[in-house]
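Please look over the structure shown here.

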Amino acid sequence: MRLDLSHIQRWIAPGSRVLDLGCGDGVFLEFLRDQRQVRGTGLEIDQDYITAAISRGLNVVEQNMDEGLSNFPDHSFDTVVLALALQAVNYPDRVLEEMLRIGREGIVTFPNFGHWRCRLMLGIRGHMPVSGFMPHTWYNTPNIHFCTVNDFEDLCRDKGIRILARNTVGNTRRPPILSRKWPNLFATTAIYRITR
Amino acid sequence: MACDALMVNELINSDSVGIVAPQVAYFDEPLQLICGRDLPSYELVYETYGELNQQRSNGVLICHALSGNHHAAGYHSTDSKKAGWWNECIGPGKPIDTNHFFVVSLNNLGGCHGSTGPNTINPSTGQLWGPDFPPMRTTDWVQSQAKLADYLGIDCWAAVVGGSLGGMQAMRWSLEFPERIRHCIVIAAALKLSAQNLAFNEVARQAIESDPDFFGGAYQDHEKVPARGLALARMIGHITYLSDDAMANKFGRDLRSGSLDRGDTAGAEFQVQTYLRYQGSQFSGNFDANTYILMTHALDYFDLTLQYDNDPVAAFRNAQCSFFVVSFSTDWRFSPVRSREIVNALIAADRPVSYAEIEANEGHDAFLMPIPRYLDVFRAYMQRVAEID
């Protein structure tokens, strides 16, 4: 399982209801269903992912979250997950607000643009960062709203969103203490559990 | 003979259900209808494809649309050129896989392909029912389909499936018999018709009723057929089944005859004119005018939410099955917006639902077409239906 997902699954209570925004091929919801008896729904816009997730027996709705989530009633889910999709939506702030209207808790993971490698590429070499994880070039990337750990926490403060927990994924070849202690510099992926 | 053998061979080797024969179920218990009248006895013509398993849990009911019938898949004979109307989706290895499912497809009451309807005999008069045949609602059809399920020994359908008006019957099933349906598959349908939909149906009926050969529906007494009216009704309907793009691609402004040249007094005929006329005349030879009127009324009167205070969420709270909803991008008869109304109501009612919006050029008719993404996602959903029966 993708590293950010293996971190966040611990925050999801057995038997709870989970909405996964950008559920991909459904591998995470399938895991939650089989291991945690979670009742899940996925949102997805990629047609092959939708077919794959339906094959797994999941409930998947073809819907673009940039066009709103108002069709989901208040507090209709326990947890709303947005895994590695925050940077690809038109209005990340609105999506966060919607997540916490629909769910009691939200879980957000995103690539940290404050990572030292990104800074190096932009600051020293003068190019937008490209990596194995973010392989797109600036003109064709679906990732249109990059932020850093610090940026995200500022937004939460401004919006009155409480951060219940923070977790980070760093480079596996370096000691994990680095990304824990200085997440803005060493976390490649930031993971947040949030609520109102 | 050689030709026949070739055809049979082709059928056996292909992914077709092959040669099929309609069957008839007779019911002598009266059916109470929404209109207040009852049908003292009736017959339903149906076909089946695949085998019913021992647990009788693999039944899939196909509900047909406005002008459909029981012949959904396979061929009626070795010389029939035309397969059933949903042959793309029903067969071995197809989305509704007859290697796994026992598929039942019937002609609805009021139809004109063998089930009791306007052109069958009213036992109390010994005459054709004609225009006296009672009006039908989707609920009446669902009730009669449940009798057919009883007759076939099927307590619970693995899935009830339909496109367009068929999808409306599938949704009605989920509310009328929540414990008798595990999956409801609703393709290119809507919770109710819009004013525009109603308007098109009215024009179609007016076309038939204003044909001098209609005689208020008693045309058979006069040994006439309101063929022109019926053809015109079909032409109007057909336009609403296609998208602007589909018509542009298929016909454009191509001419069938004549020219648009200066000095050409004969005039020109566009391909699309020829096509529509052909569709209209084909249809008027195969379909009954009273049935067409009855079917369009059933479509008009369908409103899933009416008996639930016009609240689709309250309506769907009565359902117990899982839902799969499909729409097509260029369908303007029942557009994706109408399908999303269904999906959103199901989400709000906390029912399990999956939804796919298929990019397709073919308009409303897309639900009958072999569009790769449509077949893939439909197959994926049906495989999960198969896994748990």
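The report below takes the cavity, then the interface.

## Basis

This is a predicted model.

## The cavity

The structure holds one cavity of 30 Å³ or more. The space in the largest cavity comes to about 50 Å³.

Three helices of chain B each supply at least two residues of its lining: H4 (195-209), H5 (227-241) and H8 (289-301). H5(B) gives the most, with five residues. Residues that line the largest cavity include Phe200(B), Asn201(B), Ile236(B), Tyr241(B), Tyr292(B) and Arg333(B). By class, the lining has seven nonpolar residues, four polar and one charged.

## The interface: extent

Chain B puts 18 residues in contact with 16 residues of chain A. The two chains bury about 1,500 Å² between them, and 51% of that lies on carbon and sulfur atoms. Ile347(B), Arg373(B) and Arg384(B) supply 35% of the area that chain B buries against chain A, more than any other three residues.

## The interface: polar links and elements

Three salt bridges are found across the interface of chain B and chain A. In a salt bridge, the side chain of Asp350(B) meets that of Arg17(A) at 3.1 Å, N to O.

On the side of chain B that touches chain A, helix H10 (336-348), strand E16 (353-358) and helix H11 (372-387) give two or more residues. H11(B) has the largest share, six residues. By class, this side of chain B has eleven nonpolar, two polar and five charged residues.

Notes: Residues numbered from 1 in each chain as written. Chains lettered and ligands numbered in written order. Predicted model: local features only at pLDDT ≥ 70, side-chain atom pairs only at ≥ 80, totals over all residues. Heavy atoms only, no water. 1 Å grid on protein atoms, 1.4 Å probe; cavity = no way out; pocket = protein on both sides within 12 Å on 5 of 7 lines; lining within 4 Å. Points joined across faces, edges and corners; volume = space filled by probe spheres on them. Helix = DSSP H or I, 4+ residues; strand = E, 2+ residues; numbered from the N terminus. Nonpolar A, V, L, I, M, F, W, Y, C, P; charged D, E, K, R; others polar. Contact = heavy atoms within 4.5 Å. Buried area = accessible area lost by both parts, 1.4 Å probe. Salt bridge = Lys/Arg side-chain N within 4 Å of Asp/Glu carboxyl O.
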